[in-house]
Amino acid sequence: MRGLKDRTVLVTGGANGIGAAIARRLAEEGCAVGIFDLDAAAGEKVAGEIKAGGRRASLHAVDITDYDGVTRAVEAFEASVGPVAFLVNNAGWDRAKSFLDTTPEFWRQVVAINLFGPLNVNHVVLRGMAARGFGRVVNIASDAGRVGSSGEAVYSACKGGII
C-alpha cells in the first residue's frame, strides 16, 4: 500500500466489522480517516483507537440514505482535513429472510442502504474529485450480487446494482 500517506479517505460503515478494519488499516498507512456511520458509539471507539495510535480519524454520524446529511458530513470532513482523495463505500445491511416473508417496507430499507446509500455518497464526493481531477472510489459489493444468495434476494439485487 504505497502513496497513501497524508491522503484523506472516507469509509462508510467504518464503525464495525470490515469497515472498521479498513479504517484502521488505512490509518496505519498514514491516511486521515473519516468514519461515516450511524453507530456513533462504535465509530467513536474506532476513531479513538486510531487516534491513540498517533493517527488521524474522525467520526461523522450520518445516515447514508439521507443525501443532505451526506452532503453536510462530507463538508464537515473536508473542512477539518481537506478534500476527499479516497472513498470506500462499505456500509451495508440485510436480514436474511425468504423473499415471500418480506414486505415492501423491508425492500425499501435494504435498497436505501445498499444501493441508494452508495449512490448518495458517490454523487456528493465525486463532484469534488472530478473538479480536482483526482480521486479513487472503492465500492464494496458481494458475490451475492453476481450469483445470488439464499434468503437475500433484495440485497443481492442491490449488490448487483453496485457491481
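How much space lies in the largest cavity? The largest cavity holds about 60 Å³ of space. The model is predicted, so local features need pLDDT of at least 70 and side-chain atom pairs count only at pLDDT 80 or more, while totals for chains, interfaces and linings use all residues. Residues are numbered from 1 along each chain as its sequence is written, and side-chain values use heavy atoms, with hydrogens and water left out.

**Cavity**
- A cavity is a set of points, on a 1 Å grid over the protein atoms alone, where a 1.4 Å probe fits but cannot get out; lining residues have an atom within 4 Å of a point.
- Grid points are joined across faces, edges and corners, and a volume is the space filled by probe spheres set on the points.
- The count is one cavity of 30 Å³ or more.
- Among the residues lining the largest cavity are Asp94, Arg95, Phe99, Phe106, Glu152 and Tyr155.
- Three lining residues, the largest share, come from α6; helices (H or I, at least four residues) and strands (E, at least two) are DSSP runs, numbered from the N terminus.
- By class, this lining has five nonpolar, two polar and four charged residues. Ala, Val, Leu, Ile, Met, Phe, Trp, Tyr, Cys and Pro count as nonpolar, Asp, Glu, Lys and Arg as charged, and the others, Gly among them, as polar.

**Pocket**
- A pocket is an open set of points with protein on both sides within 12 Å along at least five of seven lines.
- The largest pocket has about 420 Å³ of space. It is lined by 20 residues, and Gly13, Asp37, Ala91, Gly92 and Trp93 are the closest to its centre.
- Two or more lining residues come from each of α1 (17-28), β2 (32-37) and α6 (153-162), and α1 gives the largest share, three residues.
- The lining of the largest pocket divides into eleven nonpolar, six polar and three charged residues.

**Nonpolar cores**
- A nonpolar core is a set of buried Ala, Val, Leu, Ile, Met, Phe, Trp, Tyr and Cys residues joined through side-chain atoms within 4.5 Å; buried means under 20% relative accessible area, exposed over 50%, partly exposed in between (1.4 Å probe, protein chains only).
- The largest core has 19 residues, and Val9, Val11, Ala23, Leu26, Val33 and Ile35 have the most contacts inside it. Its largest share, five residues, comes from α1.
- Not counting residues up to four places away in sequence, Ala23 touches Val11, Gly14, Val33, Ile35, Val46 and Ile50 (contact means heavy atoms within 4.5 Å).
- A second, separate core of 15 residues includes Ile64, Val84, Leu87 and Ala91.

**Backbone**
- Asp6 lies in the segment before β1 (8-12) and has a positive phi of about 65° although it is not a glycine.
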